[in-house]
Amino acid sequence: MTSAESPSVDPRLIAVGPALAAGALVLRAIGVPAAAALPAVALTVLVPGYLLTLALVRRHSLTSEERAMFVIGLGFAATILLGLAIHLSPFALTAWSWALALAAVWVAGILALRPAATELALPTLAYVPAANLAMAGGGALLFLAAFVVAREGFHAQPRPGFTELWLLPSVERGVPVVEIGVRAAEGQTMSYEVQVTGAEGQVMRMSLPPLDHGEIWTRTLPLASLPTGDLIVDLLIEGGVYRRVTLSGDENEVDNVVTPGEAPGLE
Amino acid sequence: MNYAPPRTLSPSRPDESAGREPWWSVPGSAFALACASAGVGSLLIAVAFTISRQGQWGGVVFWIGFAYIVVPIFVMLCSAGLRRGDRIGLLLLLGLSLFFIKVLNDPVHFSHYDELIHWRTANDILLTGALFNPNPILSVSPQYPGLEILTTAIVNLTGLSIFASGLIVLTLSRVLLILGLFVFFSRLGASERVAGLGVAVYAGSPGFVFFDSQFAYESLAIPLALVALSLVAALRQGRPRPVLALTAALVLAALVVTHHSTSYALLGIFGLWTASSLVLRRPPEETRVLAVNTASFGLMIVGWMLVAAPETMTYLWPIVSSRTQELLNVLTGQSVFRPAFQTYTGEIAPMPERFVAMGAALIVTVAIGIGAWRVYREWRYSAAVGALTLLALALPANFVLRFVSTLSEVANRFANVAYIGVGLVVALALVWLLARPRYVGRPVPLVVAVLVVLTAGGVQMGWGPTFRVMPGEYRVSADAHSVERQGLSAARWAHERLGPDNRITADRINRLLLGSYGRQDAVTKTDDGDLLSPIFFATSLDTAERFLIAQGEIDYVLVDRRLNQELPVVGVYFEEGELNSFNHRIPIGLANLNKFGRTPQVSRIYDGGDISIYDVRRIALR
């Protein structure tokens with residue numbers, strides 16, 4: 001089909017790609033990602049695939065399953081290569097770059113292909129009796145129910161509770177400190193005590209406020225307030241040691257603190 | 001497409017159901033019934049998984065649910081009178097329902113080994129806005145980012161999680177796989193029924209239910225390969241088709257960017273196809289198109305490796321050489337065959353499951369023989385069918401590879417590609433059987449039984465016995481069974497409190513969690529390739545272990561005391577090549593794991609119960 005024979009392009013058709021991009025971005029921005037999935041999938045897979053399939057259909061007759069295969073397959077292929085192109089461009093792979101690039105692909109593709117209305121017509125579906133539709137719909141509901149059961153089963157799986165205790169040296173405003181932290185994940189509210197022990201014996205012992213499942217307690221202590229030498233921090237439940245962390249003597253010298261992420265070089 | 005319609009690959013005699021009007025000839029009837037049945041099956045499987053998560057045995061319910069999904073579909077696919085739309089609908093239902101089993105197994109997050117590798121790659125793309133970020137768990141993964149590009153595009157445009165977006169991509173990939181198989185078989189001249197049964201046979205490949213349903217590059221690459229095969233099948237005939245050639249090049253380029261092994265496998269198929277075309281003296285134009293396609297695809301692969309994926313050979317070569325060496329060891333008697341149907345923990349698959357797996361191997365071998373004979377009788381001049389038959393004939397040898405410990409995974413990967421040929425060849429055998437009721441009495445139940453055994457056997461061969469398929473309590477070094485709250489929590493703690501990219505070593509599973517959710521530089525080897533596992537197996541941290549820690553520039557060591565509970569399910573605690581790799585007789589000692597707490601200058605900075613993290617930077621200085 002030459003351009004002289006081409007029909008004029010309906011502006012509404014040109015607007016489809018940008019509208020899908022805008023729709024996805026707006027739905028994302030207002031916090032409904034599930035609703036954004038529809039325009040986003042249409043944009044990332046169907047838009048480039050549809051355009052390429054349209055170009056193929058003009059020269060070759062395709063069955064309906066071939067069209068469906070090419071829309072998805074060519075859509076995947078084109079989007080993968082478009083991602084590479086964005087990576088090689090000065091732009092980062094972000095929501096905006098994807099939206100602009102895919103909308104531009106649509107506009108350019110439609111202007112180049114100038115599809116006629118007949119080419120855009122959806123295939124007519126065979127009449128399907130209502131009983132069959134109802135049965136298939138029931139099947140779809142069962143799939144949904146299966147997913148809900150599987151998720152509930154996952155969350156209801158018995159898992160042993162646990163509590164995390166940590167002891168991290170760091171530097172705050174130039175002052176060497178240690179952070180003692182506790183995170184409860186026992187599935188119930190827990191009462192703990194923390195006991196700090198140095199070479200000379202117990203340094204301090206404190207009761208923690210009750211911690212719910214997932215709750216965190218932390219306390220930062222200046223290192224200078226603690227004795228030198230090995231330091232042991234125990235988390236106690238009803239007086240018994242439940243968790244233990246340690247700081248080796250070398251680490252516990254004020255001038256010798258190595259903070260996380262600052263590994264000393266190898267000698 | 002504008003080429004002479006190929007000769008139809010169908011039985012020379014009409015089958016017994018031809019001419020009848022089965023009740024499912026009403027539009028949508030077959031699909032509706034199968035959809036309802038598959039829905040019941042999926043619900044039963046979800047219940048089975050839930051029972052299993054509660055510590056009870058859900059295996060029987062699982063297999064009943066499985067039968068609800070596949071049996072009605074297989075029965076109807078045997079009919080020649082099925083409407084085309086219904087047949088394709090049934091095939092899509094089959095593919096998606098079996099994919100859904102994997103979703104029901106992991107309904108909240110990705111938890112399989114390969115999935116977390118690709119999750120890390122996708123997450124890095126989201127964080128940096130760029131491709132090719134280093135991945136400490138599998139360095140080659142970011143160099144084949146096709147799956148992650150698609151997934152992160154959807155994440156970016158929707159705000160959905162990587163898990164949800166990944167499921168969308170995987171669902172569409174499964175649709176593409178089914179359509180690709182059907183279209184490719186049809187393009188080669190298969191009748192609707194042969195093409196449909198070919199897809200059903202492919203569902204019996206070892207990776208169909210679980211491995212190729214994972215969030216991993218092969219799950220996307222095989223469907224893309226099938227689109228490429230369909231395009232080349234159309235391209236080879238008649239006059240030049242520039243648009244078609246460009247489209248094929250586009251798909252092949254995307255495949256090259258997506259997965260190395262599938263690209264090589266497809267290159268091999270193209271090579272076989274070209275060679276068959278030469279041997280069969282096909283029209284020169286056809287052979288030329290195939291040769292040009294094969295050569296240009298080979299150049300694309302090499303070009304990508306040189307320009308963007310230099311790690312490929314570093315990654316693949318050790319695998320190829322070690323597997324070859326092990327095979328040679330077995331063949332020369334220096335090593336022994338792995339006991340069949342037995343895990344590395346010594347658990348043996350139940351007798352019925354062993355029968356199903358062996359039955360599947362036997363049936364598919366016999367069916368390939370019958371199908372190959374049919375190809376020779378009726379289709380010996382088709383280069384494509386000849387190439388696929390050769391591919392199918394390699395499958396029985398593949399079964400032998402399963403008895404060599406590290407080759408079983410390679411065998412599965414090869415089988416997932418070989419089944420493209422197996423699907424067509426076995427379908428020809430099945431249709432031949434359906435046309436001969438006087439030989440076998442009632443051919444439809446027989447064919448349905450064969451297909452059920454093939455699909456159930458595929459699950460067994462690809463993913464192991466049912467007790468490995470079912471979710472449940474924590475197991476040691478057992479991939480998804482080892483991914484649980486303590487490990488996830490420790491990984492997240494490391495990210496939040498230690499910051500990203502610390503050098504940290506751990507067992508196989510915790511390294512995976514630290515490298516993905518923890519965003520740590522989680523390693524099991526030094527940069528020189530020396531394994532770090534000796535520091536775990538040693539009874540104390542002496543000079544050699546301290547040297548390894550220094551050489552590996554290790555900041556932290558994560559120790560999971562649960563490793564002492566049992567032997568590693570996948571054969572290794574840390575990394576292939578470790579002490580007693582794939583041959584552990586007793587669990588790693590608790591004293592070996594606890595030694596870090598007794599070592600001067602080592603601080604235990606984190607205690608989560610079973611999991612501890614030690615700061616070893618001081619001893620690395622020595």
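Tutor: A polar contact is a pair of N or O atoms within 3.5 Å; within protein, one must be able to donate a hydrogen and the other to accept it, and residues adjacent in sequence count only if both atoms are side-chain atoms. By that rule, 22 residue pairs are in polar contact between chain B and chain A, both residues being at pLDDT 80 or more. The model is predicted, so local features need pLDDT of at least 70 and side-chain atom pairs count only at pLDDT 80 or more, whereas totals for chains, interfaces and linings use all residues. Residues are numbered from 1 along each chain as its sequence is written, chains are lettered from A in the order in which they are written, and side-chain values use heavy atoms, with hydrogens and water left out.

Student: What does the salt bridge of Glu193(A) with Arg205(A) tie together?

Tutor: The closest N and O atoms of Glu193(A) and Arg205(A) are 3.1 Å apart. Glu193(A) lies in strand S3 (residues 193–198) of chain A and Arg205(A) in strand S4 (residues 201–207) of chain A, so the bridge joins parts that are 12 residues apart in sequence. Strands (E, at least two residues) and helices (H or I, at least four) are DSSP runs, numbered from the N terminus.

Student: Why are H1(B) and H3(B) called roughly parallel?

Tutor: Angles under 35 degrees between N-to-C directions, on a scale from 0 to 180 degrees, count as roughly parallel. The axes of H1(B) (residues 29–53) and H3(B) (residues 84–105) come within 10 Å and cross at roughly 10 degrees; the two helices are therefore roughly parallel. Among the residues making the contact (heavy atoms within 4.5 Å) are Phe31(B) and Phe49(B) of H1(B) and Leu93(B) and Phe100(B) of H3(B).

Student: How much area do chain B and chain A bury between them?

Tutor: Buried area is the accessible area (1.4 Å probe) that two parts lose on being put together, summed over both. For chain B and chain A this is about 8300 Å², 69% of it on carbon and sulfur atoms.

Definitions and conventions: Parallel < 35°, antiparallel > 145°, perpendicular 65-115°, else oblique. Salt bridge = Lys/Arg side-chain N within 4 Å of Asp/Glu carboxyl O.
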